[in-house]
Amino acid sequence: MSAKIIDGKKISEEIKNEIKAEVAELAAKTGKTPCLAVVLVGADAASLIYVGSKKKACEELGLRSVSHELPAETTEEELLSLIDRLNDDASVNGILVQMPVPAHIDESKILLRVSPVKDVDGFHPYNAGLLSIGKSVLKPGTAWGIIELLKRSGIEIAGKNCAVVGRSNIVGKPTALLLLAENGTVTVCHSKTQNLAEITKSADILVSVVGKKHFITQDMVKEGAAVVDVGIHRVEGSKKIYGDVADVSEKAGWVTPVPGGVGPMTIVCLLVNTLRAACMQAKLPPPAV
Ligand code: NAP
């Protein structure tokens, strides 16, 4: 068997077109354009690139973005008061504070300060709580992206054995909760899990969010399984990127490539969440996308 490729680039382009249409429809109905505020503290090179691509994606799809690029010595109080102003600003629908922030700023205080209705990362405990009861609107991007990749590739989740390896608050846990909400039978694995390979070998859907190059090998995969690789490993001095999953294409039914699988979905979700936030704030039903 040779696994089918789940093409994250293609699927993310499809979703971008849907967002574009929804943004135009919202503007026609309300005269308003969803607006994302991006806050960056310090000039970390990778963060500047991420922030630049988020602003560019907004422009591409007809969303507005405003950016606040603050010096690295900005105090926690100053950052919190900017967030308060953005929370109160009715023209801003979504707020994204680019992480990591400098070490003198407490990340958890920032996360708690962003209004839950503008929390386009979906990491606020209020939104995490909604996620755990199956009622979330603003979902964490990578986890949402994984579900969309599976659904849009025609992979059934309901009733299937799903194994998520990794339990981080930003990807592993939300992915497990979203798979559960889709009626998957979910096992969450972590560094203390015993007999990991036995669990992964019984999974129809295997998601790896570990952060170790080629951690999942062919002998850990069930014949015909859908294998989603979230890991990103950059090699110093090279542009090559590796995932958590080794070559499993002779055993799996579907695989997500790295790069070009889960990665392109994360930014798209940020835009979906901005659109969702704008609809929620305008008391309109959530968009179809
Ligand atoms: P993280 O917070 O470090 O979590 C890693 C998880 O892997 C932990 O739950 C850990 O278990 C588990 N783990 C470590 N060794 C293990 C082992 N031997 N067996 C089973 N589980 C093990 O990492 P993260 O933030 O979730 O990110 C994981 C990877 O995804 C990274 O490569 C990151 O770059 C990538 N990522 C990609 C995207 C994307 O858009 N594609 C987005 C976010 C993250 P414990 O909890 O027991 O320590």
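This is a predicted model: local features need pLDDT of at least 70, side-chain atom pairs count only at pLDDT 80 or more; totals for chains, interfaces and linings use all residues.

Trainee: What makes β1 and strand β11 a pair?

Mentor: Two bridges link β1 and strand β11 (residues 254-255), in the parallel sense. Since at least two are required, β1 and β11 meet the condition. Lys 4 has Trp 254 in β11 as its bridge partner.

Trainee: Which strands form the open sheet, and in what order?

Mentor: The order is β1-β11-β8-β7-β5-β6, six strands with parallel pairing.

Trainee: Why are β1 and β6 called edge strands?

Mentor: β1 (4-5) and β6 (185-189) each pair on one side only. β6 pairs with β5 in the parallel sense over five bridges, and Val 165 has Cys 189 in β6 as its bridge partner. A right-handed β-α-β unit is made by β5, α7 and β6.

Trainee: Let us turn to charged side chains. How many salt bridges does a search of the whole structure find?

Mentor: The search finds eleven salt bridges. Side chains of opposite charge can pair when their charged atoms come close.

Trainee: Why is the contact of Glu 13 with Lys 16 called a salt bridge?

Mentor: The closest N and O atoms of Glu 13 and Lys 16 are 3.6 Å apart. The cut-off is within 4 Å, so the pair qualifies as a salt bridge. Glu 13 and Lys 16 are three residues apart in helix α1 (residues 8-30), which means that about one helical turn separates them.

Trainee: What makes Arg 113 and Asp 84 a salt bridge?

Mentor: Their side chains meet at 2.9 Å, N to O, and the cut-off is within 4 Å; therefore Arg 113 and Asp 84 form a salt bridge. Arg 113 lies in helix α4 (residues 107-113) and Asp 84 in helix α3 (residues 76-88), so the pair ties together parts 29 residues apart in sequence. Arg 113, at 34% relative accessibility, counts as partly exposed, and Asp 84, at 26%, is partly exposed.

Trainee: Which parts does the salt bridge of Glu 182 with Lys 151 tie together?

Mentor: In this salt bridge the closest N and O atoms are 3.0 Å apart. Glu 182 lies in the loop between α7 and β6 and Lys 151 in helix α6 (residues 141-152), so the bridge ties together parts that are 31 residues apart in sequence. Glu 182 is partly exposed, with a relative accessible area of 26%, and Lys 151 is partly exposed at 39%.

Trainee: Which residues are linked in a network of salt bridges?

Mentor: Glu 14, Glu 18, Glu 148 and Arg 152 are linked in such a network.

Conventions
Residues are numbered from 1 along each chain as its sequence is written. Side-chain values use heavy atoms; hydrogens and water are left out. Helices (H or I, at least four residues) and strands (E, at least two) are DSSP runs, numbered from the N terminus. A crossover is right-handed if, with the strands pointing away from the viewer, the path from the first strand over the helix to the second runs clockwise. Buried means under 20% relative accessible area, exposed over 50%, partly exposed in between (1.4 Å probe, protein chains only).
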